[in-house]
Amino acid sequence: MATTQKRDYYELLEVSRTVDEKGLKSAYRKLAMKYHPDRNPGDTDAELMFKEVSEAYEVLRDPQKRAAYDRFGHAAFEGGMRGGAGGPGFGNDFASAMSDIFDEFFGGARGGGGGGAGRGGRHRGSDLRYNLEIDLEDSFRGKRVTINVPSSSTCDVCSGSGARPGTEPVSCPTCHGAGRVRVSQGFFTLERTCVTCSGRGSVVRDPCTNCGGSGRVSKERELSVDIPAGIEDGTRIRLAGDGEAGVMGGPPGDLYIFLSIRPHDFFQREGADLYCRVPISMARAALGGSIEVPSIDGEKAKVKIPEATQTGRQFRLRGKGMPVLRSSQTGDMYIQVVVETPQKLTRRQRELLTEFEELSSNENHPESHGFFSRAREFFENLSQ
């Protein structure tokens, strides 16, 4: 019986073979909405296209299925073996090659931490984390910081090979350089990491005395890190290739710097805006005037306080906040006023405040007058 030639999944979704997960999802949503049966009632061609793009997306969104498709095409999901729950099947050739695919895409030994082993025993170095604390002023201006990172570096004596100078690692006698051994069990062909060379494919018969055959040594490295202006607390900076050196000449890992910003004496930060809590005297709040407050740029900012200012009032200083990362924009600074009640009064101060209280009217304290008036009405209603 003749079979219908299936279209390429990438062509169906109108994407390149290097499309990332986000681009894949966006392309699928666009086509799914276009060909959805609810939008095309009675259109069998649209229904067929909807099923095809959905099938293509289901395969390409799964990293393992996508790896298989990229290697074998539609043949990866045809043949005698069928997946569970009605899923696509896998041919015998595909089943025996699955460990090869895992090795290529996930590095063979899929343990935590660093990368896996590649051909010839090349292991990717582990990623490193470094916690860096900076001041808010550093985030405002930007800064170059020098840090010392303890890590593993490539051995200078053996150049990362692990073998004594003048010698070289030799092919593993068990796996003959493959790093894996195959075991047949019925219809299945399984591959396991070679126990002789631990998946490296080679063994060091005469190890380097400097690194003990690992190809790397412990060393503290000095690195310069550029902190961009406007960076926020909790930001992660990735320095590619500055992690631990790889094993047996493998590629190095990455260094991740996690930034935290120390609490400031004056300012609290919310995004690009700064908030400053400023206490003022009762007399200043009542009579008005002006105050000088510090700003993050090291200058003084003048704020005019109007008469009868109450606690909690905010004054906005445009452009006095933090820079927005990789932008020409700048946030604002907000002055939050707190009216301070005087303490440790002298006898004369008490006399003046008492006289002021006696001369005060309800118009001088409208908020407290209104509150206590409503309170009296409340209790009167309860007694009736």
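Predicted model: local features only at pLDDT ≥ 70, side-chain atom pairs only at ≥ 80, totals over all residues.
Residues are numbered from 1 along each chain as its sequence is written, and side-chain values use heavy atoms, without hydrogens and water. Of the 384 residues, 35% count as buried (under 20% relative accessible area, 1.4 Å probe, protein chains only).

Next, select strand 15 (333-340). Strand 11 (residues 273-281) runs parallel to strand 15 and is joined to it by 8 bridges; two strands pair if DSSP finds at least two bridges between them. Within this pairing, Pro 279 stands opposite Val 338. Strand 14 (residues 314-317) pairs with strand 15 in the antiparallel sense over 4 bridges, and there Arg 316 faces Tyr 334.

Now turn to the largest pocket, which holds about 810 Å³ of space (an open set of points on a 1 Å grid over the protein atoms alone, where a 1.4 Å probe fits, with protein on both sides within 12 Å along at least five of seven lines; lining residues have an atom within 4 Å of a point). The volume is the space filled by probe spheres set on the points, which are joined across faces, edges and corners. Select Met 282, Ala 286, Phe 356, Asn 364 and His 365, the closest to the pocket's centre of its 23 lining residues. Finally, select helix 7 (282-287), which gives the most to the lining, with 5 residues.

Technical notes:
Buried < 20%, exposed > 50% of the residue type's maximum accessible area, 1.4 Å probe, protein only. Helix = DSSP H or I, 4+ residues; strand = E, 2+ residues; numbered from the N terminus.
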